[in-house]
Each structure stands twice: as structure tokens, then as C-alpha cells.
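Look at the structure first, then read on.

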Amino acid sequence: MFIFLWCCYFGATGFTDLFTGCFMQTGIRVSEMFDRPFLSRSPRDFWGRRWNLYFRDLAHRNIFIPLRGVERPLLATFVVFFVSGIFHEYIIIISVGFQKLGWMLAFFMVHWLGTILQTVIGRWMGKKELLPRPISILLHIFWMLITLPLLAEPLLLVVPVHTWHLW
């Protein structure tokens with residue numbers, strides 16, 4: 001799972017860097033899609049500041065704000081994670097059919113719960129940072145590794161890495 005996690009990151013960032021690099025060479029300024037997600041200290045930090053910043057901005061503008069997310073953060077963040085989960089389910093359905101249906105939605109709902117739980121605990125304790133940075137980063141990597149099978153299982157049908165050979 002750890003290797004799969006890194007492959008997902010490098011695949012996604014490599015693909016987007018290819019296009020953003022081409023645009024930047026022509027003088028067109030394009031924002032980055034990722035901001036060092038491997039340094040995330042929590043689910044909230046990962047989803048809100050570091051992973052897929054294009055979707056984050058789009059969802060913030062078109063889902064979170066219209067649902068008055070500042071006033072109703074539980075509902076607004078739930079809808080954002082739900083929409084993301086449904087979108088990922090759709091990608092799997094058009095790729096391999098209805099096999100492993102619901103796994104990706106479960107991944108995003110578990111991460112919604114993790115994000116909400118971290119926010120509630122932080123507010124209850126009156127702290128934004130609950131633990132020192134290195135410990136937070138390691139705990140978040142562990143969190144990603146234990147929840148990643150929910151995301152990876154359907155993806156392995158699309159990209160059967162178990163059939164790959166190095167020589």
C-alpha cells in the first residue's frame with residue numbers, strides 16, 4: 001500500500017506537471033495541483049491544503065460556499081466529500097463496470113469523518129495543532145495507509161499492477 005500510495009502521487013503529479021510545465025513555458029501562469037501532500041499533518045490539512053487543489057478550489061466555490069459552509073460545516077463538507085466519492089465511483093463504473101461498487105465512496109466518507117473528528121477534537125482542546133509536526137506527519141501517513149485499501153481496491157481493477165513485471 002505504501003508503494004501504491006507513492007505511485008498514485010507520482011502518477012498524478014507527473015501527469016499534471018507535464019501539462020502545467022508546457023503552459024508555463026509559453027508564459028501562461030498555471031497554479032500547482034499539489035502542495036507536498038506527503039507532509040500533511042492531518043486529513044484536514046491533506047484535503048484542504050495539499051491534495052488536488054484544483055478540485056478543492058472548484059468544490060469550495062461551487063459546493064461549500066453555496067451551502068453556507070462556514071455556518072454549516074458538517075453539511076457542506078459532507079456534500080463535498082460525497083460528490084468527490086460519487087465522481088470517483090463513476091470513473092470506476094465507466095472503466096470496469098459495477099465491480100467493487102461503493103469502495104471509493106466509503107473511502108471518502110471515512111475521510112470526511114476523520115476530517116470532522118480532527119476539527120472537533122482540535123476545537124474542544126482549543127488547539128489547531130494537536131501533536132508535534134513529525135508525529136502528526138507519521139500518524140497521517142499511517143491513516144492514509146490503513147484507509148487506502150478502500151480507494152485502491154477498485155483502482156487495481158483498472159490498473160492491474162499485480163501483472164506488471166520489471167524484467
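## How H5 and H6 cross

Helix H5 passes helix H6 in a left-handed crossing. This model is predicted. Two packed helices are described by the angle between their axes and the distance between those axes. For H5 and H6, the angle is about 155° and the axes lie 7 Å apart. That angle makes H5 roughly antiparallel to H6, because over 145 degrees counts as roughly antiparallel.

Which residues make the nonpolar surface patch? They are Leu-117, Ile-121, Trp-124, Met-125, Leu-130, Leu-131, Ile-135 and Leu-139. The patch covers about 780 Å². Two elements give two or more residues to it: H5, spanning 103–125, and H6, spanning 133–158. H5 gives the most, with four residues.

Take Leu-139, one of the patch residues. Leu-139 sits in helix H6. Its relative accessibility is 45%, so Leu-139 counts as partly exposed. The cut-offs explain the label: buried means under 20%, exposed means over 50%, and partly exposed is in between.

Now turn to His-111, which is found in helix H5. Is His-111 buried or exposed? His-111 is buried, because its relative accessible area is 0%.

How far apart are the C-alpha atoms of His-111 and His-60? They are separated by 17 Å. Along the chain, His-111 and His-60 are 51 residues apart.

Methods
Residues are numbered from 1 along each chain as its sequence is written. This is a predicted model: local features need pLDDT of at least 70, side-chain atom pairs count only at pLDDT 80 or more; totals for chains, interfaces and linings use all residues. Side-chain values use heavy atoms; hydrogens and water are left out. Patches are made of residues with over 30% relative accessible area and no salt bridge: like charges are joined within 9 Å, nonpolar side chains (Val, Leu, Ile, Met, Phe, Trp, Tyr) within 5 Å. Accessible areas come from the Shrake-Rupley method with a 1.4 Å probe; for residues, only the protein chains shown count as cover. A salt bridge is a side-chain nitrogen of Lys or Arg within 4 Å of a carboxyl oxygen of Asp or Glu. Buried means under 20% relative accessible area, exposed over 50%, partly exposed in between (1.4 Å probe, protein chains only). Axes are lines fitted to C-alpha atoms, for helices over the stretch in contact, and angles run from 0 to 180 degrees between N-to-C directions. Angles under 35 degrees count as roughly parallel, over 145 as roughly antiparallel, 65 to 115 as roughly perpendicular and the rest as oblique. A crossing is left-handed if the near helix is turned anticlockwise from the far one by less than a right angle, and right-handed if clockwise.
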